[in-house]
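Me: I have a structure to go through with you, and I'd enjoy working it out step by step. Shall we take a look together?

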Amino acid sequence: MFGAGGGTSSYEEAEACDCVILWGSNARETHPIFFHHVLRGVRRGARLYVVDPRRTASAQWADLWLGIEVGSDIALANAMAREIIRAGLANHAFIARATSGFDAYAAAVEPYTLARAAGDTGVPAEAIRELAHAYARADRAQLCWTLGITEHHNATDNVLALINLALLTGHVGRYGSGLCPLRGQNNVQGGGDMGAIPNKLPGFQDVETDALARARCAELWGVEPPPTRGWHLSEMLEAMDRGELTCAYVIGENPAQSEADQGHAIACLAGLDHLVVQDIFLTRTAELAHVVLPASASWAESEGTVTSSERRVQRVRRALDPPGSARDDIEILCELARRLGCDLGDPRPEAVWDELRRLSPMHRGMSYQRLDQLGGLRWPCPDDAHPGTMFLHERLWADDPAERGAAAPFTPVDFEPPVDVCTAEFPIRLTTGRRLDSFNTGVQTGGYTSPLRRGESLDLAPEECARLGIRDGERVRVVSRRGVLEVPVRADPILRPGLAFMTLHFPDEVATNQLTIDATDPKSGTAEFKATAIRVERLGPAPQGAPAAGGEAG
Amino acid sequence: MTARPLPIPPRLVTCSVDGAPVAVPQGSTLLDACRQAGIDTPTLCYLETLAPVNACRVCVVEVEGSRTLVPACSRPVEPGMAVRTDTERVRLSRRLVLELLASSVTLDRAAPELRRWIERYGADPGRFGPPLPPTHPRDAAAPGHHGAVLVDGAEACHQPVKDDNPNYVRDYARCILCYKCVEACGTEAQNTFAIAVAGRGFAARISTEYDVPLPDSACVYCGNCIEVCPTGALAFRGEHRMRGEGTWAEERQVVTTTICPYCGVGCNLELHVQDNAVVRVTSPLGHEVTRGNLCVKGRFGFQFVQNRPGEG
């Protein structure tokens, strides 16, 4: 945020603040060890607020749970902002010194009255008011979120709405006050930092606009980096659709099962002229491939680094010999390059890392030796004497305008409901998420036995089950505008009528992504996994006018 | 460069340990002072990451002017305190604690320090006579229930191993009731409260609510109890099986620190590897991200790297 692609705070700050907001995050189950830090904060007197459509395990620890309507986050955030401004709780000293665009923002949130937000979000006006006041009045506050914010067609706007709140109250750039997006995978932060996103060079430097970074890369690599940004995954699928992208090399990703509107994703991948998959498993995507390159498991069978949600770069190390002909990713890439006529040598992981340090100023002080000694370092860490950075954007509080630098802009955003509208035909809102003992499409967690695991179910409110005449455990047919599947129902009192929940953990049994919509956020490329309109039918004759099970998958 | 606000540096407090002056930051415990003075002090229920519970009493020391022996692990240092760690009274007390524990509990898988302390204090667990078989199932002991006083041997904590879930076993014949697992499951780390101490006196034992099997309890299988157990009462199921088969060989194990492959928190995992297979997972107590704690995925979710076709 404000030009840095990472959370501003460190986990320990959750222990030192007065107010923690978990927004669209069930950290108790999905980031359990981060939640330990939150709990230490709670035990020291911090107030915990949880914004989530479900009354999750995290919400059960909260002082107040705001059971928001799926996808109405901006309505809630803007109403909080209006309330904070009107109650005189905005941090005007900070706003005047360190931000820009406040007047336009204040005007943009003005229509979001508490009453209107209560209608849009389903959260009582009094609860919105309490959260607004608690956040604005706190000396130190952490605003944390996960995929409940980002798996929407307007993901970037959702994030901006939260950043606006932090700017409005000055809850950024100070110890204990910050913004904390919790990453879903152990190196999703590091992947972006290393340039594995379409518009970035290593070190999160812009490929189109950062002339200095471009020059450094050109000098080190001996070739000019591409002048324009590439495609993100959703754009790639569109390009496959158009026949423009005909060949794909997929490393450690299972898009055949992890992408929204699964039938469509499989059709795109199956239509490629050439598909190479490099993975530690023979995933569904690998089954579609022309060539499969067996790789070693990065966290236990090879050397390298990963970066966590608090920007901490840490070493992964080889503990096991990889099986059979599985090889390290670096080795495979260099061998491939050699066959393509470019000799990259036979670099060790540390040599690759040192190259990155030459290209990326924020990683420059992170030698393997220091990472080993210090238990990891948080970027930016520009030189060998630098201790790493606990929290970002301290400059916004500097007295000297030169040191304060560019103002952080307010970006007004408007509430837009989810694309997949609930209607009389599809009256129930299906949202998705993770459970404690499982992970994503289950290829890793499927390997161990967990007493907590129950398999896939369509979770519905007990009242909803009663209304539909469905028994707990009964198999039902779930129909969305894109697909149909059968799944047992589980009555779950953490849901309210009109809301259903499924995971993506058991795609071989229940392909939840046959139901989800691939409406994607144009800026981040994330699909709206969190908001699907469905109807639930008792099993009987096939439904009229719905696509057959399996979607369009040929 | 950013910084966190530094607290006011703590004032130093001076006490004497076995006659030698020791200055420690205010708020330090007698145990900290003893360790700073280089004096090996036995502890069983103490762990840096948990609040002291004063359960085992093996760390007691003599403080001049104090009527009773005091637990070093929890007593803060006060200026001018004169501490004795090796008087006859301290040695007797420590010896008796070790004898009572070792006569009633199987300690052959406890940390090696424990055997060293038993030797140093001349503890003789056999002096109460041979361990006696149980008179009734421990888990059935009702509150206030006391069996007949046994005179021809030492009452012992024998009971069958609880092997009721795929992840870990509970062998409470090895449990010294140090409370660490209860603390780790409770307010000190996990806040799940699946286990507590049930019963009184010799019938006291660690139990789930109403002694239900683990899968019916509140347990979420984080294994943070295994991490803190000092006697091997709690163990990975694989370790328990290998020990039974006689294939557990700690001297051949290599411990490698890496990062958990799941969510983005970035927990440090210590993979204990024997014969190219992960046999136990721990996390460093001193790392500020985990403080030794993991979730079920980090603790038990490693299996996918060793479900290899054609093997096992």
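Me: In which sense do strand β1 and strand β5 of chain B pair?
Reply: Keep in mind that this is a predicted model. Strand β1 of chain B covers residues 12–17 and strand β5 of chain B covers residues 82–84, with two bridges between them. Within this pair, S16(B) stands opposite A82(B). The sense of the pairing is parallel.

Me: Nice! Which strands stand at the edges of that sheet in chain B, and why is one side of each left without a neighbour?
Reply: The sheet is open, and its five strands follow the order β2-β1-β5-β3-β4 in chain B, with mixed pairing. Each edge strand has a single partner strand, so one side of it has no neighbour in the sheet. The edge strands of chain B are β2 (20–25) and β4 (70–71).

Me: And at about what angle does helix α2 of chain B run to β3(B)?
Reply: Helix α2 of chain B spans residues 88–104 and lies across β3 (60–63) and β5 of that chain. Its angle to β3(B) is about 160°.

Me: Turning to the two chains, which element gives the most to the side of chain A that touches chain B?
Reply: In this interface, 50 residues of chain A are in contact with 43 residues of chain B. On the chain A side, α2 (32–43), α10 (188–193) and β13 (312–316) each supply at least two residues. The top contributor, with six residues, is α2(A).

Me: Lastly, how far apart do the C-alpha centres of domain 1 and domain 2 of chain A lie?
Reply: Domain 1 of chain A is 11–181, while domain 2 is made of 188–308 + 312–378. Their C-alpha centres are separated by 34 Å.

Terms used:
Residues numbered from 1 in each chain as written. Chains lettered and ligands numbered in written order. Predicted model: local features only at pLDDT ≥ 70, side-chain atom pairs only at ≥ 80, totals over all residues. Pairing = 2+ DSSP bridges. Helix = DSSP H or I, 4+ residues; strand = E, 2+ residues; numbered from the N terminus. Contact = placed C-beta atoms within 7 Å. Axes fitted to C-alpha atoms, helices over the stretch in contact; angles between N-to-C directions. Domains from an automatic or database assignment.
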